[in-house]
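Hi,

Here is the structure I promised to pass on.

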Amino acid sequence: QCITHCPTNALHSRDDVMEIANLLDKEKNPDKVIVVQTAPSPRTAWGEDFGLDPEFATERRMAAALRRAGFDYVFDTNFSADLTIMEEGNEFLHRFTHKEDYAWPMFTSCCPGWVRFLKSQYPEMTDQLSTAKSPQGMFGAITKSYFAEKIGKAPEDIICISVMPCSAKKEELEIPNLNDAKEGIKDVDYSLTTREMNRLFKYLNIDIENLPEEGFDSPLGSGTGAAVIFGATGGVMEAALRTCYFVLTGDNPDADETFKAVRATGSDKPWVEAEYNVNGAIVRAAVVNSLGNTRKLLEALKAGEVEYDFVEVMACPGGCVGGGGQPIHFNEERATDRAKVIYNYDSNNKMRFSHENPDVQTLYDEFLKEPLGEKSHHLLHTDHQGWQMPFFK
Ligand code: SF4
């Protein structure tokens with residue numbers, strides 16, 4: 001697990017459990033609306049700290065536990081993972097159809113460990129990062145703009161908390177140009193790791209073993225199968241390709257088969273590559289996880305030994321399911337088992353494509369208007385050159 005060897009500040013281990021427990025005390029904070037979003041990966045692992053079988057420790061029981069903890073709205077980062085695909089997929093297609101204006105390949109940008117690595121080790125490639133914010137960042141910006149308007153609250157009266165498999169996310173939310181909903185306030189106020197969420201449940205004496213299954217709240221609580229696979233290496237690439245295929249052809253691909261080759265879980269190669277011909281457009285994709293393999297890939301790109309159009313990078317071995325904020329088991333790596341849980345959530349979901357998420361469609365109809373539009377540009381994208389390494393808060 002990457003907690004043993006992560007060089008990118010992903011293991012910065014600030015503990016926010018007591019601060020969140022105090023915020024959830026309604027006597028102390030009667031006027032605050034407290035919103036929580038949970039990333040795809042915590043649902044694959046949260047039950048491990050309680051000795052629970054994954055079939056019992058579902059995302060729906062995790063949602064119930066968060067509700068018992070006192071959060072006013074229990075939302076799903078899968079919602080903003082779908083939104084990320086709408087923005088990043090369209091960004092890729094824009095760059096792809098204006099090839100001469102950009103350096104190649106385009107890199108995914110949702111892993112802060114990877115973004116820090118690139119900016120510190122290969123700063124000359126920074127502009128190749130997608131400008132799309134991570135799902136955590138997009139969620140915060142939409143919570144403090146669209147959702148704040150919907151419930152008639154000022155952004156500063158909403159506290160947005162994320163549950164992530166990742167301690168690097170604690171630092172991501174501090175980066176000034178990732179906070180755009182309202183000047184002077186953060187889009188995401190706190191980020192808890194999966195382990196911290198579990199400690200919060202223990203501190204608050206949540207009766208985990210007797211929880212019912214409950215759903216997420218609406219409207220930021222829906223997610224497709226394409227969103228949940230963000231948690232496994234290759235998942236962001238596959239989700240983006242599913243939607244790019246739809247944009248280019250007007251049809252959905254076979255969600256189980258068409259882009260299966262980019263699923264990199266358990267691969268013994270340094271990175272996985274695949275080439276697709278979509279309506280005559282040849283897209284060369286590569287997926288890499290862990291920073292040792294990433295360095296090999298970047299050196300191969302620089303040496304001209306390989307050429308790709310779109311590259312997904314995750315700093316942790318196996319992707320976020322193996323993240324530094326997940327439950328730890330000494331000398332045991334569970335990323336592959338957790339990835340199976342992720343792909344089960346995908347194949348069991350009635351919605352397999354980010355562009356079919358009805359709440360994301362409503363968000364565009366009512367508020368954003370279109371992917372890569374003016375509001376999206378302001379709220380959902382960022383300039384990676386706008387902050388300097390090292391960045392620690
Ligand atoms: Fe965080 Fe996931 Fe990146 Fe690991 S792979 S640093 S858990 S975002």
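The buried residues of α11 are Leu 291, Thr 294, Leu 297 and Leu 298. They sit on the same side of α11, because they cover an arc of only 110° around the axis (the arc of the directions from the helix axis to the C-beta atoms). Buried here means 20 or more other C-beta atoms within 10 Å of the residue's own, exposed means 12 or fewer, and partly exposed is in between, with C-beta atoms placed from the backbone. In an α-helix there are 3.6 residues a turn, so residues three or four places apart point the same way.

Before going on: this is a predicted model, where local features need pLDDT of at least 70 and side-chain atom pairs count only at pLDDT 80 or more, while totals for chains, interfaces and linings use all residues. Numbering starts from 1 along each chain as its sequence is written. Helices (H or I, at least four residues) and strands (E, at least two) are DSSP runs numbered from the N terminus.

Back to α11: Gly 292 and Glu 299 are exposed on the face turned away from the buried side. The buried residues pack against α5, β6 (271–278), β7 (281–289) and β8 (310–314), with contact meaning C-beta atoms, placed from the backbone, within 7 Å. Gly 304, which follows α11, has a positive phi near 75°.

**The sheet**

β3-β8-β7-β6 is the strand order of an open, four-stranded sheet with mixed pairing; strands pair if DSSP finds at least two bridges between them. β3 (106–107) and β6 are at the edges with a single partner strand each, so one side of each has no neighbour in the sheet. β3 pairs with β8 in the parallel sense, over two bridges, and Phe 107 has Val 311 in β8 as its bridge partner.

**The ligand**

Helix α5 (residues 112–121) gives the largest share of the shell around the ligand, three residues. Of the 14 residues in the shell, Cys 111, Gly 113, Cys 166, Cys 316 and Gly 323 come nearest (near means a C-beta atom, placed from the backbone, within 6 Å). The shell has eleven nonpolar, three polar and no charged residues, counting Ala, Val, Leu, Ile, Met, Phe, Trp, Tyr, Cys and Pro as nonpolar, Asp, Glu, Lys and Arg as charged, and the others, Gly among them, as polar.

**Helix α8**

Seven of the ten residues of α8 (residues 194–203) are buried, including Arg 195 and Glu 196. Just after α8, Asn 205 has a positive phi of about 55°.

Cheers

Methods. Two residues are in contact if their C-beta atoms, placed from the backbone, lie within 7 Å.
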